[in-house]
Protein chains: 2
Amino acid sequence: MKRVKLTVAYDGTNYCGWQVQPNGLAVQEVLNRCLSELLKTKIEVIGASRTDAGVHALGNVAVFDTEARMPAEKFSYALNTRLPQDIRIQNSCQVPDDFHPRFQETVKTYEYKIYNRKFPDPTKRLYTYFYYYPLDVEKMRQGAAYLIGEHDFKSFSTYKPEVENTVRTIYELGIQRSEDDVITIRIRGNGFLYNMVRIIAGTLIRVGGGYYPPKHVKEILEAKNRELAGETARPEGLTLVEIRYPEWEAKKDGHHVSVDPLP
Amino acid sequence: MKRVKLTVAYDGTNYCGWQVQPNGLAVQEVLNRCLSELLKTKIEVIGASRTDAGVHALGNVAVFDTEARMPAEKFSYALNTRLPQDIRIQNSCQVPDDFHPRFQETVKTYEYKIYNRKFPDPTKRLYTYFYYYPLDVEKMRQGAAYLIGEHDFKSFSTYKPEVENTVRTIYELGIQRSEDDVITIRIRGNGFLYNMVRIIAGTLIRVGGGYYPPKHVKEILEAKNRELAGETARPEGLTLVEIRYPEWEAKKDGHHVSVDPLP
C-alpha cells in the first residue's frame, strides 16, 4: 500500500465546489470517478481544501491509498488523459502513510482578483470579480496591514458552529495592480476560516472605494462581529494558489524548511 | 440619421465566430438582435473583422445607422444591459456617415498567447494555446524579425480565391514570456490575410521548439508557398486587441495622428 499526493488545478466555473453536494458536480467526485476507473477499484480521495462553487485552484491537494504498482509520479499523466480539460493534475508523488492533507501544519496561499475598469473584459469574467468604481490600491494596502499577523478573524468569517477557534495567522497580504487593471490580493497564512479570503476581499474593496478609512479594518477585527465587515466577494475572483506542508517538506528534504515568499 | 461606431469585446469560446454562419451562433447575430430589440427596428451592423470560431476580441469594431435620438455615447451602456456576459461594448461614438470599418486605412493589433509549461493551467485553457515542449523565445524573436515590414505573406495565409493582393505590412512583432509562462506574440500591421496571425504563430512555435532555424522563416516568406509554413495555431490563443483608423482619428482630432505603440 502507498499513499499518493496529488496537486490538483481546476477551473471552478462548472463545479459546485470541491466537495460532493446534492446540487451539482463536485471536483472531488470527478477525481474519485477517474481514479476508480483507472485503478479498477473504488477510490475516494481526501482533500485539503473544500473550495466553494465557482472558486478556482492551481494547487489544491488530495491524497489516496492504492496497492497499484504504478509509480506515484505517473499518476499525474495517467489521470490527465481521463480528466476533463478543466481539471488538471500538476504533480503526483508518494507521501508517508500517515500524511493527512488537513490535520497537520499547512501554509496556504490564495489570490483574489478584481478587474477594476469602466467596462468588463469578457475574457476575464470567469477569473476576476468585475468592479466598476475606481479602487485606491494604496488605501487597500493600508487597511490590509492591520490583518497581518496572528488575530482572531471572527469578523472575517461566515459562522460555522463546529469551528471553535477563530484565531489564525496571516504571514503575507500583498496587493498589486497590473497594467491591464487587474488588482490581485495575495494572501498567505496558516489556515483560513470559512469565506475568510472573500470577506477580507469584500472589506478591502470597501476601503479602496473610500466607503471607510483604512484604520476601520482594525476596528472591524477587534469587534469580532461579522456584520461589521464587507460583503463576501464573489467566488469567481478567488483562486487557491498553493498549499505547503512545512513539516513534511522538512522531513523529506532532511532539513528545516522555511516557507519562502513565492516567486 | 447618424452612424454609430461600437468597440466590441467578446469571449469567442461559445461562438462560431463574428459572422453569421449556418452552424452556430455568431457574435454579429447577437449584436444585431440586441440592437434591433433596443431600437425596435431591424438593425444590421457592419463589422471590421470577421474573427473565426473560438477567437476572442477586446476591440473589434462595428457600425450601424440609426434615426434614434439616443446619444451615440449611451449605446454602450444600453447594449450592455441586454447583451450576454461574454459580449461587452467597450465604447460607442458617432462617426461620419461614410465611415466604413473595412474600406479605409486601418492598423490592427492581435495577440497570440501560448501557455508553455509542463502541465496546463485549467484557468488559462480558454485564452491560451497550451504547448508542452519548451520554447526558446529568443529564437522566436529572431525568426519574427524577418516578418516585420512590407512583404508578400502568401506563405502565411489560407488561400481565398477572392484575395488577389497578398502584400501586407507588419509594423511591430514583439514576443514576451511572462512570469507565469505565458508567451505573448503581439503583432500589429495594416491588415492581415486569412489565418495569417495563427500561421505566423504556428511557424514561430516551430522555430521556438527548434524544429527549424530562425532564418528558415525568411525562406518560407520568399517561397510564397503555404505548405512550407507551420500549422495554423489553435483559435483560442488569438485575441483581436485593437483596430485603429489613422485617417479618421486625424480628422476627428484636427491634426495628423501617428499610431503610437500601445501602452
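**Interfaces between the chains and between the domains**

Modeller: Across the interface of chain B and chain A the rule finds two salt bridges, a salt bridge being a side-chain nitrogen of Lys or Arg within 4 Å of a carboxyl oxygen of Asp or Glu. This is a predicted model, in which local features need pLDDT of at least 70 and side-chain atom pairs count only at pLDDT 80 or more, while totals for chains, interfaces and linings use all residues. Residues are numbered from 1 along each chain as its sequence is written, chains are lettered from A and ligands numbered from 1 in the order in which they are written, and side-chain values use heavy atoms, with hydrogens and water left out.

Colleague: How large is the area buried between chain B and chain A?

Modeller: Buried area is the accessible area (1.4 Å probe) that two parts lose on being put together, summed over both. Contact means heavy atoms within 4.5 Å, and 26 residues of chain B are in contact with 26 residues of chain A. On the side of chain B, Phe119(B), Pro122(B) and Thr123(B) lose the most area to chain A, together 29% of what that side buries. Carbon and sulfur atoms give 61% of the total buried between the two chains, which is about 2000 Å².

Colleague: What rotation superposes chain B on chain A?

Modeller: Copies are superposed by least squares on the C-alpha atoms of residues with pLDDT of at least 70 in both. The shift along the axis is 0.0 Å and the RMSD is 0.0 Å, with a rotation of 180 degrees. The two copies are therefore related as by a two-fold rotation axis.

Colleague: Turning to chain A by itself, which residue forms a salt bridge with Arg198(A)?

Modeller: Chain A is divided into domain 1 (2-102) and domain 2 (107-241), with bounds that come from an automatic or database domain assignment. The area buried between these two domains of chain A is about 990 Å², of which carbon and sulfur atoms give 54%. Asp52(A), Val55(A) and His56(A) supply 45% of the area that domain 1 of chain A buries against domain 2 of chain A, more than any other three residues. The count between the two domains is one salt bridge, and the residue that pairs with Arg198(A), the closest N and O atoms being 3.5 Å apart, is Asp52(A).
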